[in-house]
Amino acid sequence: MRIWVDADACPNPIKEILFRAAERRGIELTLVANQPLRRPASRYVRTLQVPRGFDAADDRIVALVEAGDLVVTADIPLAAAVVDRGAHALNPRGELYSAENVRERLAIRDMMEELRAGGVRTGGPAALGVADRAAFANQLDRLLAKCAGG
């Protein structure tokens, strides 16, 4: 199992949780972004810089992800694509996407986009809070225990 992070928009507190988990469990973690990123000195954490462009990081992740890998992303179309490839997708608030729920989330996202295009103010997500970080860390630990053998 490898962990791939859609890192351009991933909150720093979530990256820190991921860095600790990769080190603790000895799992390769790759931050994929279209800009240079800071990372800790670790044999398990690396960065992959992709060219600037719409969905360039997403496209690279989809091309590299394998069944059983984990992708951390808030991007629902990316989550749907990796779930279709047999990988796990987890958002920074701790929601695990599955074949059962990702299509529903995609439909809601598309509906909200249509509303915004029609001039409706929909607001954005609340700031990432302590409860969100805890939910992410707990879901990550459960998933890693299940998939990476304890």
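Which residues of helix H3 (residues 76-84) are buried? The views below take up this question and others in a predicted model, in which local features need pLDDT of at least 70 and side-chain atom pairs count only at pLDDT 80 or more, while totals for chains, interfaces and linings use all residues. Residues are numbered from 1 along each chain as its sequence is written, and side-chain values use heavy atoms, with hydrogens and water left out.

View 1. The buried residues of H3 are Ile 76, Leu 78, Ala 79, Ala 80, Val 82 and Val 83, where buried means under 20% relative accessible area, exposed over 50%, and partly exposed in between (1.4 Å probe, protein chains only). Helices (H or I, at least four residues) and strands (E, at least two) are DSSP runs, numbered from the N terminus. At the start of H3, a side-chain oxygen of Asp 75 comes to within 2.8 Å of the backbone nitrogen of Leu 78, and just after H3, Gly 86 adopts a positive phi of about 85°.

**View 2. Lys 15 in helix H1.** Lys 15 lies in helix H1 (residues 12-25) and is buried without a salt bridge, that is, a side-chain nitrogen of Lys or Arg within 4 Å of a carboxyl oxygen of Asp or Glu. The nearest side chain of opposite charge (Lys and Arg count as positive, Asp and Glu as negative; His and the chain ends are not counted) is that of Asp 8, 7.4 Å away. The side chain of Lys 15 does reach the backbone oxygen of Ala 7, at 3.4 Å.

**View 3. The two cysteines Cys 10 and Cys 147.** The whole structure holds 0 disulfides, a disulfide being a pair of cysteine sulfur atoms within 2.5 Å. Cys 10 is in no disulfide, and the nearest cysteine sulfur, that of Cys 147, is 19 Å away. Cys 10 is buried, with a relative accessible area of 7%, whereas Cys 147, at 31% relative accessibility, counts as partly exposed.

**View 4. The largest nonpolar core.** This core has 24 residues, of which Ile 3, Val 5, Leu 18, Leu 29, Val 72, Phe 136 and Leu 140 touch the most other members; a nonpolar core is a set of buried Ala, Val, Leu, Ile, Met, Phe, Trp, Tyr and Cys residues joined through side-chain atoms within 4.5 Å. At least two core residues come from each of strand E1 (3-6), H1, strand E2 (29-33), strand E4 (70-72) and helix H5 (130-147), and H1 gives the largest share, 6 residues.

Note on methods: Polar contact = N/O pair within 3.5 Å; in protein donor to acceptor, adjacent residues only side chain to side chain.
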